[in-house]
2 protein chains.
Amino acid sequence: MIKKNIIGFSISSEGDSSTQGFNPKTGEPLPGDFSNANYEEVNLAVEKATEAFETYRKISGKKKSLFLNAIADEIENLGELLIERCCAESGLPNARIVGERGRTVGQLRMFANLISEGSWLEASIEIADMERKPIPKPDIRKMLVPMGPVVVFAASNFPLAFSTAGGDTASALAGGNPVIVKAHSAHPGTSAFIGSAIMKAAKNTGMPDGVFSLLHGSGKVVGQSLISHSGVKAAGFTGSQVAGRILFDLANQRKEPIPFFAEMGSVNPVLLLPTALNLKTVEMLSTSITMGSGQFCTNPGLLLTLESDLLEQFINDLGRALEKIEPGVMLTEKICKTYYNDVGLSLSNQDVKVESEFQDKNKLNIASSVLVSVSGESFLKNPKLAEEVFGPYSMIVKCKNKDQLNNILTTLNGQLTGTVIGSEDEMRSFILSINQLEKKVGRLIFNNVPTGVEVCSSMQHGGPYPASSDSRFTSVGTMAIKRFVRPVAFQSWPDSQLPDELKNDNPLNIWRLINGEWTMD
Amino acid sequence: MIKKNIIGFSISSEGDSSTQGFNPKTGEPLPGDFSNANYEEVNLAVEKATEAFETYRKISGKKKSLFLNAIADEIENLGELLIERCCAESGLPNARIVGERGRTVGQLRMFANLISEGSWLEASIEIADMERKPIPKPDIRKMLVPMGPVVVFAASNFPLAFSTAGGDTASALAGGNPVIVKAHSAHPGTSAFIGSAIMKAAKNTGMPDGVFSLLHGSGKVVGQSLISHSGVKAAGFTGSQVAGRILFDLANQRKEPIPFFAEMGSVNPVLLLPTALNLKTVEMLSTSITMGSGQFCTNPGLLLTLESDLLEQFINDLGRALEKIEPGVMLTEKICKTYYNDVGLSLSNQDVKVESEFQDKNKLNIASSVLVSVSGESFLKNPKLAEEVFGPYSMIVKCKNKDQLNNILTTLNGQLTGTVIGSEDEMRSFILSINQLEKKVGRLIFNNVPTGVEVCSSMQHGGPYPASSDSRFTSVGTMAIKRFVRPVAFQSWPDSQLPDELKNDNPLNIWRLINGEWTMD
């Protein structure tokens, strides 16, 4: 395990502080002191990335795909060592981490496939028409190109899939950008393992020195100096709204502002239509609320429904179901403290009623699930109640009528997801509410739960602010690559000097828009 | 001519100040006092747009296309009245304004065609696979949806094509967003004519009240309060870097930041390779530099070339050619004053040499073309010399060798365009320079000039900052619509409740990505 910073093909430990891993289940430190990067190391990583960009941006999609596939292979080659360390650092169970590794290598291979083929580049060709009046039409061709060094801020809650070799890194590398990862301090050992796998893959596939770096350290020193560095051209982030906004502001206050995509979580409202108040829904929701100790960006934290006789029974059933699920450990002591603090703030509101009993509250870093209820009127009066509580917490809002439900939906902030549980007929009679919900979210789900984000072309993981900083992009699925590329047009450019993607005879055999029509010609 | 603000289907003049049109050729005021909007009118326009969004966002592409085509028709119906007023307010010649009207209605009809068809919505479908292990794959479908009220800041230099019914308005309306235009104070009468055409088209095609508003007033009152209004969800701007940055900062400092696309112009470097130093190039460049009195975002303001014996003759030829072109009037007195001020600043640098004689400098608002030269060394020492001078000004930089040329290209800011003039063989021997150029620009041009921006699918009009605020988007061409839409995914959503674009039987017959493959099935 490399305990130093990985800067291109070198390792470096010039800083005078370090990061220690901890087992959240026991509170015990884990082996390894990971050297925090100092300012010189930050600069060096950016310089190397800038230099690597000169080569990397011209490497073909086919060759870059070998690199991404090699990263996936090297991650699998880490075997049990990686799984054990990751479980120890995160407190997450073995099955979850094995599954998350599958998702992580799956993402890398998905992007490898995407760029090996090449139609994603939006190649577009307008053929010249020298006879056009009043002025001739020039030949214009356009495609997506990389932007330059990208900084990735790793998330704590997916130590593999949203971290060192997660979706941000995979999509930025796939797009042709060197990546500098700011390791998350909650899993330095996992980061180091993955970082060494990426370095090895880069060397073995002939990528330039500097195409990847991994820096340990604090958000204040390493994170903020990376986002403000003039050599950095874009960044991706998954985490809290507070940290995301600080980085967003730094990215935009630069002399040269850069695209910064932050996925900052949400409360993921669930609309329980009348027929949804049954035991099947209880089972779906109790599982979803407690999954991964509630540490999902898509955790269903807000259940909106109309008052009814059935509702009290449903709430009771959901509370009892939650109590029966064995509570899990949280990722870090800090996250657990924040959870109980936020739960306490919610409960300090006299209109908020607890609907489930606390379990194991006093065990180290264990998150007891909490179900609370509140009236629609009280919810509307207290905007604080609509804020995310990160953990296995959910709030049922009992709405007096459809108007009140619509009012609540109108006042909600942007969300990653919105879920509707009920029948198709009910959807028609709640169409006004569903229309409001659609305006607020990036993904709508019917008769299922928001947790579980499929990695595919049709996924949207991002939503109106503050769910994400820019609702036009996603951090999951193939389209995540669009965050880190920009179009360049070539006008009257000689065929011999055009990128292969835009050459007359379409040597890569990709889909292209020619005079506005899609074709593989 | 409506001299009040147009707020949806109403007109309003509650403010206590007004905007006056002027003829820059004579300095005389033009008929009409245009009432400036006050804060209440700004709020009313946003409220109406928000209300209109509820209806407008659900109107089909086909029906919206009737609205856009009707705007184009109504603009043509304005006939000579529009052309005369626009020429009088802008000082631009009749042929240019007639041509620009053609471009403006052409853009509207292009977007009408785009949305009438529908493949631009990036409909993407992942079909469920309930047998997949370890977890079933859900049905997920995604498409682009509108964002909400969009504010458009009109530009002075294209009083039709980048103003009230210009590319920003056309693309935002096409995307399904209500639009509020902040009229440019340099052409209030032109804005009023176009505004009335849009209002009429909206009424005649059954669009909701509030789908369009036109507000007169200052950037400080009307502009800044619009960009900061919580009901506004995105904005487009074309203008100066100073004004663009102020609005960019306001857009990002909001509690809920919004996408703000600013096109802020650039110096559009032209790389003159050795064989380019001939009379054909002189003719192309002298025409391009003086076109529209140099008031184009794509004006070639920086000519980079290697020192040579031929170069002195070329500079002399270009200077003489520029002197022979009759100088034109500038758009406003303020723009003309700024032009001579910026030229003066350039000339105050003792390393900068004037290469053409001033013509008609003292005629009202007339812009004499100015050609200057400077050594590569001096240019590198003075970053101020790389800043845009808005008007018929261009600077030749004489580089000692290829290394110095590359250094200069490396230090340049982001640009809308980069041009290469020379032979295909020379391109190979200057590949390092061309590679640097590509990193800095949104559009590359070979053996032509950067002025003249073709409106089509393959156009990229936008570039790395400060050419535009976000290099991932364009303000010209069909893809300009992407600035104002966001993806929404529908998971396991019933077919009957899906938008037509995502229904199983593809009733709109559009291109869709199904399980990662493009098809019209």
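Asn515(B) counts as partly exposed, with 13 C-beta neighbours inside 10 Å (a residue is buried with 20 or more other C-beta atoms within 10 Å of its own, exposed with 12 or fewer, and partly exposed in between; C-beta atoms are placed from the backbone). This is a predicted model, in which local features need pLDDT of at least 70, side-chain atom pairs count only at pLDDT 80 or more, and totals for chains, interfaces and linings use all residues. Residues are numbered from 1 along each chain as its sequence is written, while chains are lettered from A and ligands numbered from 1 in the order in which they are written.

**Positive phi**
- Asn515(B) is not a glycine, yet its phi is positive, about 50°.
- Asn515(B) sits in the loop between β22 (512–514) and β23 (517–519) of chain B; helices (H or I, at least four residues) and strands (E, at least two) are DSSP runs, numbered from the N terminus.
- Ser492(A), also not a glycine, has a positive phi of about 55°.
- Ser492(A) is partly exposed, with 16 other C-beta atoms within 10 Å.

**Cis peptide bonds**
- Lys133(B) and Pro134(B) are joined by a cis peptide bond with omega about -5°.
- Pro134(B) lies in the loop between β5 (124–126) and β6 (140–146) of chain B.
- Another cis bond runs from Tyr465(B) to Pro466(B), with omega near 5°.

**Helix α11 of chain A**
- The buried residues of α11(A) are Ile335(A), Cys336(A), Tyr339(A), Val343(A) and Ser346(A).
- Seen down the axis of α11(A), these fall within an arc of 100°, so they line one face of the helix (the arc is that of the directions from the helix axis to the C-beta atoms).
- The face turned away from the buried side of α11(A) carries the exposed residues Lys337(A), Asn341(A) and Gly344(A).
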